[in-house]
Amino acid sequence: MPKEKKSTALDSFEDGLVNLKDISVWREDAKKFHLKQKLEEKEQDEGIDKEEEGDIIQENAKTADKEIQSGGGDAKPKDSPAEHADDDDELVQGGAGKLKKGRKKAAYAGGLVLEPKVGFYDKFILLLDFNSLYPSIIQEFNICFTTVERTAANSQKNLEGEEPEEIPEVPDVDLELGVLPKEIRKLVERRRQVKQLMKQPDLNPDHHLQYDIRQKALKLTANSMYGCLGFSYSRFYAKPLAALVTYKGREILMHTKEMVQKMNLEVIYGDTDSIMINSNSTNLEEVFKLGNKVKSEINKQYKLLELDIDGVFKSLLLLKKKKYAALVVEPTADGHYVTKQELKGLDIVRRDWCGLAKESGTYVISQILSDQPRDTIVENIQKKLMEIKEGVDNGSTPQSQFEINKALTKDPQDYPDKKSLPHVHVAMWINSQGGRKVKAGDTISYIICQDGSNLSASQRAYAPEQLQKQETLTIDLQYYLSQQVHPVVARICEPIDGIDSALIATLLGLDPTQFRIQQHKDEESDALLGGTAQITDEERYRDMERFKFACPKCGTENVYDNVFDGSGLQLQPSLLHCSNVDCDASPVTCVVQMRNKLTVDIRRHIKRYYSGWLVCEEQTCQNRTRQLPFAFSRTGPKCQACMKAILKPEYPDKALYTQLCYYSYIFDWDYATEKVLPEQEKDIVKKHYGPQCPEYLEYKRLKEVPDNALVLSAYSEVNLSKLFGALNTYK
């Protein structure tokens, strides 16, 4: 009689493990969905051509297959922007359609992407993330084929027509748990069991590795279920269920954002299942406490959904949706922390930029994320750009820094338009030499050269060996500075004060006027779209001259930039006490003198405006004049000193108007009470300082001074009766 094999923990677990054949089904469907979503995201971010699309398919097919086989990574679908979105937030479409080349409208709305508050943040940023959002939603709301009523006719009608899609009703809470939530729960519980087995102290390395692969496979299978619901060629395709899952996901993210804002915290970005919160703190311990508080408040709302701290950024450069650079905080065993740079969606991580552009971008990011003062950062970036220009001009930059790499998605001869694709053009030349033959999947290196022709840059691409052999070829330095280095650096530096696109062009030896034209267009567009009305008071009045008034008793110069000082129970009107703690004077008793000082300051600003000084936009010119030249360009009068840039007012009408608005703002008691103070502080003000209190009346008297000046200003008004008054003569 054969000896009975001893049962092990590994064997007992295998009995309950999901069938490998079933996993392979999920795997293939999830992989197709993953590739489709990757294409949609790429299209939305930058737009892709056909061969680039093929690159993505080929690369991600290998990546997805490798991840699934090793159990690595989450199968978290990435969605593309929807057609209809709110003013501040944008929906991203989750796709359920045939995987094919070209753009196709997605069948239903997917994840929500909150509009990012672009800028550089030097305080700690909290990143909070919902664990396995879509599988958790399926369990939380009992979403299943057996619990959700679906109407196939309506779904087809909405897909073919342009009618808004109908989201199914969430199942009743009393309904029995459906098959899909049960299966996901089994996978989650089995993964938990495997992770417990991994914690055994006497576990050998081989078993530990095996358990780790299994827990990752289970995680991937659970996360892939939503993808299979949303992919039309999956055997589990159910568009109404997928639409309901993403709808609840959008609802949950918006609810989370609103709850965080009610806690007086600023949400600066959010994407599908995560949000970024500006902590406004430099104390890491306080930031983690804040994160745990937010996490606790959100998690109270749900049974299975769980928000967790995914990371903390020491500093963050947020450029646009899905594009940022950050220093990630990683705590160490001794209670301190180290930082690691993380880049998301930036140009320097793409392969179709030359080494010089990537190196420049990497340096600029490292400077911006450093702890140095802003002036030092700007100075270092300017020095680096001048060094790049010098190195390119004197030939000290290695040839390898100019090489651009791009992969072939098919054999070179199969491309229809070979001349317009530089890597294909070079690949055809390589194959014509009779040596090695390049084919689909090979990466081609090329350099844009000056060959004496007037052809476009894409048609002047040559292999590095061609450049070495042919003396008539030289590297097109202008192309690399203007089309490679400048775009990369300009996009990164866009939110940074003190360095703009035109200045970068000047430092690289390029003509800055072509970059300024675009800058003026952007400013005009912002004005037409009401851009200034959408920014906060702090941003609007950041560069305004502060109102200063010397205390008549001690002589201390008090600076006023708000109606109220302090917070909580310590809140009080800013004019109530002198900033010198040893002085017991109250500036609010000197309102007459303050009104006179305010009047003098306003007259000084108005005089400065009417002085009419013009300055050259060119940083290296610095021409300053009051004479308006006869030569004009599309954007303004040309500078007669350098004949390159335009002259702009040293103190424009917008600056004067904003300064007057600022003086009104710092004494506007009613606005501060209604719009600036949080709810609890509003109650304190109403309790201690009523409408008839002396302080309120004195603030009102001070506000009258700038308001009287604003009445005389026509900057913000359009008098239609005057504008169309001439038409009355034709009646």
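**Close-up views of a predicted model**

**View 1. Thr397 in its loop.** Thr397 sits in the loop that connects α11 (374-394) with β11 (404-407). Helices (H or I, at least four residues) and strands (E, at least two) are DSSP runs, numbered from the N terminus. This is a predicted model, in which local features need pLDDT of at least 70 and side-chain atom pairs count only at pLDDT 80 or more, while totals for chains, interfaces and linings use all residues. Residues are numbered from 1 along each chain as its sequence is written, and side-chain values use heavy atoms, with hydrogens and water left out. Thr397 is buried, at a relative accessible area of 16%. Buried means under 20% relative accessible area, exposed over 50%, and partly exposed in between (1.4 Å probe, protein chains only). Residues up to four places away in sequence aside, Thr397 touches Leu356, Gly391, Val392 and Phe402. Contact here means heavy atoms within 4.5 Å. A polar atom of the Thr397 side chain lies 3.5 Å from the backbone nitrogen of Val392. A polar contact is a pair of N or O atoms within 3.5 Å; within protein, one must be able to donate a hydrogen and the other to accept it, and residues adjacent in sequence count only if both atoms are side-chain atoms.

**View 2. Strand β6 and its partners.** Strand β6 (residues 266-271) has five of its six residues buried, so the strand is largely enclosed by the rest of the structure. Strand β3 (residues 108-114) pairs with β6 in the antiparallel sense over two bridges. Two strands pair if DSSP finds at least two bridges between them. Val113 has Asp271 as its bridge partner in β6. β6 also pairs with strand β7 (residues 274-278), antiparallel, over five bridges. Here Asp271 has Ser274 of β7 as its bridge partner.

View 3. Thr272 is found in the loop between β6 and β7. The hairpin of these strands has two residues between them. Phi of Thr272 is near 65°, a positive value in a residue other than glycine. Thr272 is buried, with a relative accessible area of 11%. Asn280 lies in the loop between β7 and α9 (284-299). Its phi is near 55°, again positive in a residue other than glycine. Asn280 is exposed, at 53% relative accessible area.

**View 4. The β9-β10 hairpin.** Eight bridges link strand β9 (residues 323-331) to strand β10 (residues 337-344) in the antiparallel sense. Val329 stands opposite Thr339 in β10. Five residues lie between the strands of this hairpin, and Gly335 takes a positive phi near 90°.

View 5. Asp476 occupies the loop between β14 (474-475) and α14 (477-493). This aspartate is buried, with a relative accessible area of 5%. Neighbours within four places in sequence aside, Asp476 is in contact with Ile448, Cys449, Gln450 and Arg460.

**View 6. A three-stranded open sheet.** The strand order is β20-β19-β23, with antiparallel pairing. Strand β19 (residues 614-616) and β20 run antiparallel and are joined by two bridges. Val615 has Arg624 of β20 as its bridge partner.

**View 7. Gly690 between two helices.** Gly690 is placed in the loop between α21 (679-688) and α22 (694-711). The glycine is partly exposed, with a relative accessible area of 23%. Gly690 touches Val685 and Tyr696, not counting residues up to four places away in sequence.

**View 8. A nonpolar surface patch.** Val718, Leu720 and Phe724 form the patch, with about 330 Å² of accessible area together. Patches are made of residues with over 30% relative accessible area and no salt bridge; like charges are joined within 9 Å, nonpolar side chains (Val, Leu, Ile, Met, Phe, Trp, Tyr) within 5 Å. A salt bridge is a side-chain nitrogen of Lys or Arg within 4 Å of a carboxyl oxygen of Asp or Glu. Accessible areas come from the Shrake-Rupley method with a 1.4 Å probe; for residues, only the protein chains shown count as cover. Leu720 lies in helix α23 (residues 720-723). It counts as exposed, at 52% relative accessibility.

**View 9. The protein chain as a whole.** The chain holds 23 helices and 23 strands. Of its 731 residues, 45% count as buried.
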